[in-house]
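I want to look up a loop residue, a helix and a pocket.

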Amino acid sequence: SWFYIQKKEFGKAFIQEKAIYKRNPESLTTIVNLAQLAIEEKDDVTATTILEFVLQNTTEIELLVKANSYLMQLKIDTTPEKEWASLETELSALVTKYGISPFTLSLQLMQAHFLTFNLKKPEAGKAIVRTALELSLNEYETAQAKMELADILLFEAKFNQALLYYSQIETDLKNDAVAHEASLKAAKTSYFKTDLEWALKQFKELKSASTQLIANDALEYFLLINDNTVADSTQVALKAFAKADYLWYQNRNQEAVQAFQAILKQFKGQEIEAVTLLRMGQLYEKTGDFSLALAQYQSIIEQHSDGIYVDEALYFSAELYKNQLQLPEKAMPLYEKIIFNHQDSIYFVEARRKFRELRGDNNL
């Protein structure tokens, strides 16, 4: 199982884990963790199979809630908008089935997030979180609930209220990874309200965060603000970009696309162009318009080959070809370009592993 996990072959690892479980059916925790790894690597089919196995083989409330939470999140991420009403019913039924308690916090917060960001019902979302905050939660559970409440307040453009909750989490869990996440969200809040000087200072500090994902995210925003301020001290293009980014945060995808298109038209050939193309590619990916996403990434590769976003354009294109379009022969040369031309990229290690995997190397 360990060997197959290293190779990211989660289906084969699951076969081994099932054999272990049948010999010693004490706990399904390791199998649930395997599903989580599969989700992180975007192997949704295997993750779903594993989670359904868990649901059939346990009566533990904690594992049932966890498995259902993962399955619901997979559905939310892949279900088209026209079917969101049925998802709301399904989520509500799960919360009713397992009850309002600290054990079901993940389901409650997921329901609040879905109501706010998908169905645009922030008041209903806030009501769920405030009910959750009245439960006997530990400090980490309280931080989770406050984080969701802050996210919803940010969705409503209540920037100062959102910042208040993010700062409470930073204070309560000082130097913890959760506190760093709250700091990152606070920095993004300043960025969304175009308080760019303060946001830049916050992102600069977070570049050295111990959590790699947070450090990478902070670095990306630091470079975005810094480079575009150097190119245009008035920050006109950057402020327009931050407002478009905020629409993306609110899940107002069509409006965000229009805002980014307006930036491309108004600031053609300027510093902001490459990152705008990148955002549009990510937006089109999110809405399932894969050919349009690839077109944006290709524009970066062709027109901004010496810029800082070309490795992301290469990697995102390769991932689309490999995972969504099932065209590994088109993904391989893109991974290869990262290996040979972008050794300092944060995607270098993954690109090398995936290139070897597609080439059929046994020793990854």
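Helices here are DSSP runs (H or I, at least four residues), numbered from the N terminus, as are strands (E, at least two). This is a predicted model: local features need pLDDT of at least 70, side-chain atom pairs count only at pLDDT 80 or more, and totals for chains, interfaces and linings use all residues. Residues are numbered from 1 along each chain as its sequence is written, and side-chain values use heavy atoms, with hydrogens and water left out.

**Loop residue.** I found Asp-306 in the loop between α17 (290-303) and α18 (310-324). Buried or exposed, I wondered about Asp-306? Asp-306 is exposed, at a relative accessible area of 74%; exposed means over 50%, buried under 20%, partly exposed in between (1.4 Å probe, protein chains only).

**Helix α13.** I looked at α13 (residues 212-231) next: its 20 residues reach 28 Å from first C-alpha to last, close to the 28 Å expected at 1.5 Å a residue. That expected span is 1.5 Å times one less than the number of residues. Buried residues of α13 include Tyr-221, Phe-222 and Asn-228. Among what covers them I noted α11, α12, α14 (236-249) and α16 (272-286).

**Second largest pocket.** I got about 270 Å³ of space for the second largest pocket. A pocket is an open set of points on a 1 Å grid over the protein atoms alone, where a 1.4 Å probe fits, with protein on both sides within 12 Å along at least five of seven lines; lining residues have an atom within 4 Å of a point. The volume is the space filled by probe spheres set on the points, joined across faces, edges and corners. I saw that α10 (159-172), α11 (177-192) and α12 (196-206) each supply at least two lining residues. Among the lining I listed Glu-170, His-180 and Leu-206.

Methods
Contact = heavy atoms within 4.5 Å.
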